[in-house]
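Have a look at it first, and then we'll go through a few of its contacts.

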Amino acid sequence: MTTADLSEGAPQKRSAPDAQAFVDMQASPEFQELRHRLRSFVFPMTAFFLAWYAAYVLLATYAPEFMATKVIGNINLGIILGLGQFVTTFVITALYVKFANRELDPRSAAIRDELEGPLK
């Protein structure tokens with residue numbers, strides 16, 4: 001076995017930047033753009049979901065006869081809207097993963113490469 005064989009299984013390393021490098025990177029336009037992209041997705045989506053959840057709770061509290069409206073057999077509107085909460089959670093998660101893979105991950109990888117250098 002050679003040293004080349006041993007190094008193949010070893011984890012690759014990057015250089016460790018100092019604290020000032022992190023502060024400088026936070027002030028960079030690339031990092032600010034990354035933060036802007038993240039916030040432009042997260043804040044509206046969070047507001048949408050909280051409003052949707054609050055509407056569900058308010059309907060359940062103040063409009064019980066509306067929520068008790070039968071849709072199919074013993075399934076009422078309250079059950080459908082409650083299950084819609086779960087569906088919404090999964091849809092938002094899927095949208096975020098797609099958004100992160102397309103928008104955030106390439107930018108964050110570029111920032112990391114600039115900050116820590118290439119893998120050694």
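## Some ground rules

Let's start with a term: a residue counts as buried at under 20% relative accessible area, as exposed at over 50%, and as partly exposed in between, using a 1.4 Å probe and protein chains only. By that rule glutamate 103, at 15% relative accessibility, is buried.

This is a predicted model, where local features need pLDDT of at least 70 and side-chain atom pairs count only at pLDDT 80 or more, while totals for chains, interfaces and linings use all residues. Residues are numbered from 1 along each chain as its sequence is written, and side-chain values use heavy atoms, with hydrogens and water left out.

## Two helices side by side

Helices here are DSSP runs of H or I with at least four residues (strands are E runs of at least two), numbered from the N terminus. Helix α3 covers residues 29-62 and helix α5 covers residues 77-116; they pack at an angle of about 175°, with their axes 10 Å apart. The axes are lines fitted to C-alpha atoms, for helices over the stretch in contact, and the angles run from 0 to 180 degrees between N-to-C directions.

Angles under 35 degrees count as roughly parallel, over 145 as roughly antiparallel, 65 to 115 as roughly perpendicular and the rest as oblique. So α3 and α5 are roughly antiparallel to each other. The residues of their contact split into 19 nonpolar, seven polar and six charged.

A salt bridge here is a side-chain nitrogen of Lys or Arg within 4 Å of a carboxyl oxygen of Asp or Glu. That rule gives five of them.

Arginine 37 pairs with glutamate 33 at 2.7 Å, N to O. Both sit in helix α3, four residues apart, or about one turn of the helix. Glutamate 33 is partly exposed at 29%, and arginine 37 is partly exposed at 27%. Arginine 37 also meets glutamate 103 at 2.9 Å. This pair links distant parts of the chain, with glutamate 103 in helix α5 and arginine 37 in helix α3, 66 residues apart.

## One more pair, and a network

Glutamate 116 and arginine 112 form a salt bridge at 2.8 Å. Glutamate 116 is buried at 17%, whereas arginine 112 is partly exposed at 45%. Elsewhere, shared partners join Glu33, Arg37, Arg102, Glu103 and Arg107 into one salt-bridge network.

Technical notes
Ala, Val, Leu, Ile, Met, Phe, Trp, Tyr, Cys and Pro count as nonpolar, Asp, Glu, Lys and Arg as charged, and the others, Gly among them, as polar.
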